[in-house]
2 protein chains.
Amino acid sequence: MNPERRNLLGDAAVEVLAEAGGRGLTHRAVDAAAGVPLGTAKNYFPTRDALLRTVAERCVEQYRAATAQVAAPEAGPADREGLVLLFRGLLTNLAGPGRLRMLAYLELQTEAARKPWLSEILDGIATADFEGFERAQRAAGLPVTAQRAAGVTLALHGAVLHLLADGPRTLAAAGLGDPDRFVRGLLDAVYPASAGSRPPVVDD
Amino acid sequence: MNPERRNLLGDAAVEVLAEAGGRGLTHRAVDAAAGVPLGTAKNYFPTRDALLRTVAERCVEQYRAATAQVAAPEAGPADREGLVLLFRGLLTNLAGPGRLRMLAYLELQTEAARKPWLSEILDGIATADFEGFERAQRAAGLPVTAQRAAGVTLALHGAVLHLLADGPRTLAAAGLGDPDRFVRGLLDAVYPASAGSRPPVVDD
């Protein structure tokens, strides 16, 4: 099998799942989106679960590329401002090239409630997010505790959900209208800017 | 049309969407889940969008019932401990009777990305959540700012997502293994217990 064609089909499957939802993810739709002869996707990914798996794998690859900056210990943000730029970039990416991937990811999440093998793949991505975001908060010099770091990561995950849903009243209520202001406000809530000397709470 | 039967079909539709996903939500499956003659669901809800709408409406009703305690200004938690119990209850409910409703809700969220009329319904629920949770934090006597309150609500929404996905490594990384400890840790991160006298940051 041709690896280039395999990737082309994988990207098409991500696009179909994001745009047409779980109901729309069929071999025929993937063939059409990839512009290949009918039957091609079925050759590479014989079952619907195989299609879902390739979407999950493409999401993992794209996630790794998108978060390479967060994940690399030597390339973390140098200070609070660097962390703001990093998190803001993750959120604004959702309005741009990251939107399809995250919509596909949300569809995978719902399917994962019924498919343990898929849940296992997503468990790895989400765990990496908590670890990478905590590392980034430490690199930025903030007085990190496990609770504070997890609180920030969870709030960002909640923000992603609402940014994808794009409900105007919800975005206003969550303070998500302006991602830059949002990220600064979130960090201020957990790491008050005036409290550089605030003693870290003991983790339990 | 019989309102009781209509509700029975609505509850069956919630169950089908939660258990079988968007692909499984068909009139036939709803008839089977409700134990009514084939064709009944189609009579009450002629299109698939009408089925989705009834799921959303049942979710709104159940949401209102579940959060009546949070939403009622006169019945908010009296103190920090009351707030812990309240938020903990919302999270532990996900492992019990609330699981089906929240799985259905997550499916609705993904469909909402493609259906503005559905997004509009969900926008109302999510907005009510931010308002109700902020009110509860104020009632508990915490030094609330808009940013802190939204941060807590977003982190709880992120927690719901991960509790539904139920990935063991993610739950450990997020500190979600023990909901009581999690809620206390989240509140400590945003409202340090030792800092009752901490001056509220000016909202912007």
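**From the core to the contact between chains**

Among the 125 residues of the largest nonpolar core, those that touch the most other members are Ala13(A), Val55(A), Ala13(B) and Val55(B). Such a core is a set of buried Ala, Val, Leu, Ile, Met, Phe, Trp, Tyr and Cys residues joined through C-beta atoms within 7 Å, where buried means that 20 or more other C-beta atoms lie within 10 Å of a residue's own, with C-beta atoms placed from the backbone. The model is predicted, with local features requiring pLDDT of at least 70 and side-chain atom pairs pLDDT 80 or more, while totals for chains, interfaces and linings use all residues. Residues are numbered from 1 along each chain as its sequence is written, and chains are lettered from A and ligands numbered from 1 in the order in which they are written.

Leaving aside neighbours within four places in sequence, Val55(A) is in contact (C-beta atoms, placed from the backbone, within 7 Å) with Ala13(A), Val14(A), Leu17(A), Ala104(A) and Leu108(A).

Between the chains, the contact takes 48 residues from chain A and 48 residues from chain B. On the side of chain A that touches chain B, the largest share, 14 residues, comes from α9(A), helices being DSSP runs of H or I with at least four residues, numbered from the N terminus.

The axes of α9(A) and α9(B), lines fitted to C-alpha atoms over the stretch in contact, with angles running from 0 to 180 degrees between N-to-C directions, come within 7 Å and cross at roughly 80°. The two helices are therefore roughly perpendicular to each other, a term for angles of 65 to 115 degrees.

Terms used:
Two residues are in contact if their C-beta atoms, placed from the backbone, lie within 7 Å. Angles under 35 degrees count as roughly parallel, over 145 as roughly antiparallel, 65 to 115 as roughly perpendicular and the rest as oblique. A residue is buried if 20 or more other C-beta atoms lie within 10 Å of its own, exposed if 12 or fewer, and partly exposed in between; C-beta atoms are placed from the backbone.
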